[in-house]
Amino acid sequence: MAGAESPAGCQAELEPVVSLVDVLEEDEELENEACAVLGGSDSEKCSYSQGSVKRQALYACSTCTPEGEEPAGICLACSYECHGSHKLFELYTKRNFRCDCGNSKFKNLECKLFPDKSKVNSCNKYNDNFFGLYCICKRPYPDPEDEVPDEMIQCVVCEDWFHGRHLGAIPPESGDFQEMVCQACMRRCSFLWAYAAQLAVSRISAEDDGLLLNATGMGDQDVSKPENGAPQDNTLKEDVPEHGRDSVKEVKAEPCTSSSSESDLQTVFKKENIKTEPQPSCRLQELQAKQFVKKDAATYWPLNWRSKLCTCQDCMKMYGELDILFLTDECDTVLAYENKGKSDQATDRRDPLMDTLSSMDRVQQVELICEYNDLKTELKDYLKRFADEGTVVKREDIQQFFEEFQSKKRRRVDGLQYYCS
């Protein structure tokens, strides 16, 4: 139609419309996320007195410890009380950390909540995250120069954050895995490849491209695959590492000839019938006896995968040497921390209406409930008009509603007649 404004043009000038339900749902989602991350940490007391906290929300202060200075981390309470106006980097959560706020790394600041701190916390571990840099690309997040939409995933071992595209393996859908181990940590903890073949969300099979390991998985030798599909290991048994294979060497009897004496045959039979002492079963050895692939990539793990790790004496010793004993602790997971936070918040969270009612007598309770129901009914009817007309509810509309509601309430109160007996 000539002279008419195009629908597309009208639509471009209109502001995006968000329903009240959308706002409430988004607010609830954000509140739940905050409860998950912060709920397990104390927002009022410095955590220093607790020693190295198993897991807590941490921050780094760029104002007090900028890049070039020593890295330092502060707890949730100190981020509010001591660094409220400073530029902070949110580190999400980290394990076994003691609050640094006000120690020797902070030259011009004393902790207001717990000033009597040691000069340094020698057991704390730091990385580039404490200067706002993440991943192997050492970039900030969010990165104003990065136009590629990509989520960040935290490694469960080193606790650094990585772009999904920098992990060497495409991440599964976020709901399909619980934890991730980055490329560098998989190289350092190479025994995990034996578990990955059975447990990882993206299974690493022998048909995948990568380094095919021998039956023990402890070396880098190739394993040939005969026609029947069984791995053929040509390595010498005498060169077997102590952990990962049976320490007893195989005894192979030479083929008997027709001239062998009866005593020689008896000796061979005795050797074959020798029984070794029963050893405690090792799940890692069982998995390493199978064929698996080692790749230069991150791995993604499902819920409760840690419970499948072997905890025999040799494996526990290995975990200690690699400084990863925390993998055997189910309470170490971020999920366990988040669930604790949600549980604590649910316990502390009380309905303000019920709190108010409990402090009133019976008559006041009835009056308040009636007022509440009137408000709910009138607000619902008022908002329904906007929904029927397809118009947006503005701030002044809500203000007008409450002014009219208060005016009606005053007229009702003024019109009451009181009689004295």
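User: Buried means under 20% relative accessible area. With that cut-off, is Arg55 buried or exposed?

Analyst: Keep in mind that this is a predicted model. Arg55 has a relative accessible area of 7%, so with a limit of under 20% it counts as buried.

User: Which side chain does Arg55 meet in a salt bridge?

Analyst: That would be Asp332, at 3.7 Å from N to O. The two come from distant parts of the chain, 277 residues apart: Arg55 belongs to strand 1, while Asp332 is in the loop between helix 8 and helix 9 (334-348).

User: And Asp332, buried or exposed?

Analyst: Buried, at 3% relative accessibility.

User: What else does Asp332 form a salt bridge with?

Analyst: Arg95, with the closest N and O atoms 2.8 Å apart. This pair also links distant parts of the chain, since Arg95 lies in strand 3, 237 residues from Asp332. Both partners are buried.

User: Which residues make up the salt-bridge network there?

Analyst: Arg55, Arg95, Glu159, Glu179, Arg306 and Asp332 are linked in it. The count for the structure comes to 15 salt bridges.

User: Nice, let's switch to aromatics. How many aromatic pairs are there?

Analyst: The structure holds 13. One of them joins Tyr48 and Phe114, with ring centres 5.1 Å apart and planes at 45 degrees, so the pair is tilted. Tyr48 sits in the loop between helix 2 (20-38) and strand 1 (53-61), and Phe114 in the loop between strand 3 (88-97) and strand 4 (152-154), 66 residues apart.

User: Are those two buried or exposed?

Analyst: Tyr48 is buried at 4% relative accessibility, whereas Phe114 is partly exposed at 26%.

User: What about Tyr382 and Phe401, how are their rings arranged?

Analyst: They form a tilted pair, 5.1 Å centre to centre with 40 degrees between the planes. Tyr382 is in helix 11 (residues 362-389) and Phe401 in helix 12 (residues 395-414), 19 residues apart. Tyr382 is buried at 6% relative accessibility, and Phe401 is buried at 4%.

User: Which cluster do they belong to?

Analyst: One aromatic cluster formed by Tyr382, Phe386, Phe401, Phe402 and Phe405.

User: New topic: helix 8. Which residues are buried there?

Analyst: In helix 8 (residues 313-322), the buried ones are Cys315, Met318, Tyr319 and Leu322. They cover an arc of only 100 degrees around the axis, which puts them on the same side of the helix.

User: Why would such a spacing line up?

Analyst: An α-helix has 3.6 residues a turn, so residues three or four places apart point the same way.

User: What does that buried set pack against, and what's on the other side?

Analyst: The buried residues pack against helix 4 (183-188), helix 5 (192-199) and helix 7 (283-288). On the other side, Gln313, Lys317 and Glu321 are exposed.

User: Last one: what phi does Asp323 take, just after the helix?

Analyst: A positive one, of about 60 degrees.

Conventions:
Residues are numbered from 1 along each chain as its sequence is written. This is a predicted model: local features need pLDDT of at least 70, side-chain atom pairs count only at pLDDT 80 or more; totals for chains, interfaces and linings use all residues. Side-chain values use heavy atoms; hydrogens and water are left out. Buried means under 20% relative accessible area, exposed over 50%, partly exposed in between (1.4 Å probe, protein chains only). Helices (H or I, at least four residues) and strands (E, at least two) are DSSP runs, numbered from the N terminus. The arc is that of the directions from the helix axis to the C-beta atoms. Contact means heavy atoms within 4.5 Å. Rings of Phe, Tyr and Trp (its six-membered ring) pair if their centres lie within 6.5 Å; planes under 30 degrees apart count as stacked, over 60 as edge-to-face and the rest as tilted. A salt bridge is a side-chain nitrogen of Lys or Arg within 4 Å of a carboxyl oxygen of Asp or Glu.
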